[in-house]
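Visitor: I am new to this structure and would like to learn how to read it. Could you walk me through a few features?

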Amino acid sequence: MTVRIGVIGTGAIGRDHARRINQVLSGGTITALSDVNRASAEAVRADIAPDATVFDTGENLIASPDVDAVLVTSWGATHQQYVLAAIAAGKPCFCEKPLATTAEGAKRIVDAEVAHGTRLVQVGFMRRYDEGYVALKAALAQTGAPIMVHAAHRNPSVPEAYTTPMAIHDTLIHEIDVFRWLLDDDYVSARVTFPRSCARTHAKLRDPQIVTLVTAKGVVINTEIFVNCHYGYDIQCEVVGEDGVASLPEPMAIKMRLNASLQNPILTDWKDRFVASYDVELQDFLKAAAQGTASGPTSWDGYMAAVASDACVQAQESEGQAIAIAHPDRPALYAQG
Ligand code: NAI
């Protein structure tokens with residue numbers, strides 16, 4: 001079966017996902033596009049999906065009989081309304097992060113999916129599909145029960161519009177999800193420490209910052225977020241276990257002996273770092289959507305990420321204080337998630 005896909009939000013990632021589905025992956029075809037900026041949807045139709053219909057609203061796209069499944073790749077604040085509409089229509093839905101901009105919004109989606117009775121939603125936490133993280137998770141079986149995680153999320157620079165809470169909502173959100181999955185654990189508290197700000201930051205961004213998350217099993221995770229690090233885009237993760245230490249592999253890069261030095265290039269653009277994992281996550285979505293369901297990261301994961309994010313932002317505001325993170329009982333629908 002070829003799954004007929006409608007894309008809501010045809011900006012940077014919506015266009016790229018449409019390209020993947022029509023040109024790289026198998027089992028799906030783009031039949032519908034919608035964007036508040038209609039010209040953007042028209043451009044994607046012209047360049048990537050000539051057979052697609054452009055719809056005036058996301059709701060009309062979801063209701064179309066030519067759409068079997070939906071990609072929600074619009075701005076974060078609009079995700080909730082479209083995911084709820086897709087669930088109401090009983091159509092599988094891939095939603096880019098965040099699932100919703102508030103924990104309450106994400107919970108509404110969980111409740112709607114639970115009421116539907118089967119999974120329909122996959123959240124775009126693509127790191128779970130990265131081969132480095134997959135290998136790291138497998139290695140934890142040898143290094144023994146995890147005790148500590150040392151991690152870093154570094155960007156060369158960010159625009160002026162990027163402010164202190166965005167370090168959580170836009171940046172740490174990926175670590176928040178991937179560490180829950182990596183450790184098979186939930187968070188119980190968050191604390192944020194600010195070193196002195198670096199010279200390259202601006203008035204509305206305290207950078208860098210260190211977020212300490214503690215899990216229900218007692219693992220302490222220290223993540224440095226440094227988004228004006230200047231030298232490159234660099235993701236680090238080291239898990240210290242009872243019997244050994246496992247580290248996330250570096251991206252493949254040519255090692256050069258040159259000018260009396262040993263050199264290993266470092267990426268500079270985040271888009272290149274997890275590019276392969278976007279293909280794998282969407283192929284997984286197409287496979288499940290062909291069966292009328294969803295797999296991979298769940299609405300529950302999106303909800304738990306939103307709960308932890310809110311606590312981290314609160315921890316930023318009460319610098320140095322530990323903020324408790326609730327982790328309510330997981331509905332049976334998400335038992336495997
Ligand atoms: P973008 O700004 O390039 O594109 C968003 C598009 O959505 C724009 O064309 C805009 O006109 C459209 N839009 C806004 N409101 C809409 C509405 N109500 N209905 C229909 N269309 C609407 O943004 P980008 O970078 O493509 O990001 C989109 C989403 O994907 C964000 O939530 C972002 O966090 C997420 N994202 C996730 C990444 C990941 O690594 N998983 C990477 C990049 C983005």
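Visitor: Which share of the contacts with a separation of 6 or more comes from residues 24 or more positions apart?
Guide: In this predicted model, such pairs make up 72% of those contacts in the protein.

Visitor: What is the secondary structure made of?
Guide: The protein has 10 helices and 15 strands.

Visitor: How does the radius of gyration fit the 337 residues?
Guide: The idea is to set the value beside the one for a compact globule. For 337 residues that would be near 20 Å, and the protein agrees because its own radius of gyration is 20 Å. Along its principal axes, the C-alpha trace spans about 55 × 55 × 45 Å. As for burial, 43% of the residues count as buried.

Visitor: How should I read a helix?
Guide: An α-helix has 3.6 residues a turn, so residues three or four places apart point the same way.

Visitor: Is isoleucine 87 buried or exposed, and why?
Guide: A residue is buried if 20 or more other C-beta atoms lie within 10 Å of its own. Isoleucine 87 has 24 C-beta neighbours inside 10 Å, so it counts as buried. This residue lies in helix H4, residues 79–88.

Visitor: Which residues is isoleucine 87 in contact with, leaving aside neighbours within four places in sequence?
Guide: Those partners are Cys93, Ala112, Glu113, His116 and Leu120. Alanine 216, by contrast, is 129 residues away in sequence and 31 Å away in space, C-alpha to C-alpha.

Conventions: Residues numbered from 1 in each chain as written. Predicted model: local features only at pLDDT ≥ 70, side-chain atom pairs only at ≥ 80, totals over all residues. Helix = DSSP H or I, 4+ residues; strand = E, 2+ residues; numbered from the N terminus. Buried ≥ 20, exposed ≤ 12 C-beta atoms within 10 Å, placed from the backbone. Contact = placed C-beta atoms within 7 Å. Rg over C-alpha atoms; globule rule 2.2 N^0.38 Å.
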